[in-house]
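Please keep the sequence and the 3D view open as you read.

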Amino acid sequence: MKKILTLGESLTRLSTRKGYRLSDATGLHLHYGGAEANVAINMSLLDHEVKYATKLPTDHGLTSSLISQLQGHRVDCKNVIYGEGRLGSYYLEVGTGLRASNVIYDRDYTALSLMEENEWDLDELFADVSIFHITGVTLALSEAWHDIGVELIKEAKKRGIEVSFDMNFRQKMWSYETATETYQKVLPYVDYLSAGKLDAIHFVGVEEVEEADWSYYLKKIAEQYPNIKYLYGTIRDSITPNSYEMYGYIWDTANAEGAISQQYNNYTVIDRVGSGDSYTAAVLDGIIYEKSLEEIVEFGIAASALKHTVYGDINPFSREEIENFMENTSDVIR
């Protein structure tokens with residue numbers, strides 16, 4: 001069994017109830033999240049051996065609660081380090097109907113973002129690891145992290161570890177220009193990439209072609225970076241900001257072929273946050289088990305669709321539950 005390492009920033013998420021604005025809220029729901037932490041838990045729920053690395057503030061009640069959640073899902077937290085700084089957070093005003101959700105980040109002076117250089121023992125960090133997963137959100141934390149993230153990725157490749165990268169651009173965290181410069185340093189070392197049409201256009205310089213489908217853009221990325229073995233992502237055709245039709249896709253560079261999933265209609269979305277991380281975990285699961293492209297995307301999109309039905313950042317469904325969901329179309333599972 002391959003061991004996966006994910007590394008990124010953990011956050012508290014404070015959300016309004018549906019129908020409430022932050023300006024009127026008298027209470028907020030607390031969840032823990034962060035892209036890499038979500039992937040770590042989701043992969044552990046699929047019975048993979050997972051290590052998670054981050055930096056957290058010392059002597060912090062929320063830190064203890066966060067670690068308890070990770071360890072409660074059997075994620076190895078031995079590579080979590082502690083120091084000065086605070087625990088990052090973000091506020092989510094949950095949209096409903098025609099009103100989109102809105103996020104306010106509060107990530108300044110966090111323990112991880114204050115790092116000026118790598119603080120992990122790299123031999124210990126990468127011990128027995130087969131896949132290293134990191135995202136653009138982590139690389140966007142600070143100017144220092146533009147370099148730290150790239151160096152960690154290079155170190156993983158030097159040790160024969162496959163690199164999984166989710167571009168995961170956040171325009172509230174950094175500019176397109178800075179992200180492009182950093183991504184182009186990362187992409188030559190990536191094996192598995194989560195990306196889509198806009199990533200191809202903005203960060204790889206692919207020319208937009210009217211009527212071209214998802215495969216055109218992934219093929220163009222793969223032509224520039226043939227080291228990327230698989231590229232994948234989801235497409236949402238919006239009906240309203242909170243209801244849409246959703247597909248999953250994957251591209252196999254070596255065989256120059258791709259697959260797209262069946263359509264899922266998410267007309268009643270409870271919580272969209274973390275659905276992309278759920279898809280990533282399910283796709284990596286399929287790659288690890290050497291499933292067909294069709295099997296990978298169908299399992300991935302089913303996992304992501306299920307995530308939309310529950311509150312919180314993680315996808316709390318087992319492999320068996322996801323497979324039952326794929327096979328069962330009745331109103332009640334008996």
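Strand β1 (residues 3–7) is mostly covered, with five of its five residues buried. Buried means under 20% relative accessible area, exposed means over 50%, and partly exposed lies in between (1.4 Å probe, protein chains only). Strands here are DSSP E runs of at least two residues, helices are H or I runs of at least four, and both are numbered from the N terminus. From β1, K3, L5 and L7 point one way while I4 and T6 point the other way, and all are buried. In a regular strand, side chains alternate between the two faces of the sheet.

A word on the basis of this report: the model is predicted, so local features need pLDDT of at least 70 and side-chain atom pairs count only at pLDDT 80 or more, whereas totals for chains, interfaces and linings use all residues. Residues are numbered from 1 along each chain as its sequence is written, and side-chain values use heavy atoms, with hydrogens and water left out.

Another set of pairings involves strand β11 (residues 230–240), which pairs in the parallel sense with strand β10 (residues 192–194). Here S194 stands opposite Y232 in β11. β11 also runs antiparallel to strand β12 (residues 243–252), and a hairpin of two residues joins β11 to β12. Within that pair, S238 stands opposite Y244 in β12.

The pairings can be set side by side:

| Strand pair | Sense | Bridges |
|---|---|---|
| β10 and β11 | parallel | three bridges |
| β11 and β12 | antiparallel | 10 bridges |

K18 is found in the loop between β2 (11–15) and β3 (29–33). K18 counts as partly exposed because its relative accessibility is 33%. The C-alpha atoms of K18 and L62 are separated by 25 Å, and these residues are 44 apart along the chain.

E321 has its place in helix α11 (residues 319–327). Its relative accessibility is 39%, so E321 counts as partly exposed.

Conventions
Two strands pair if DSSP finds at least two bridges between them.
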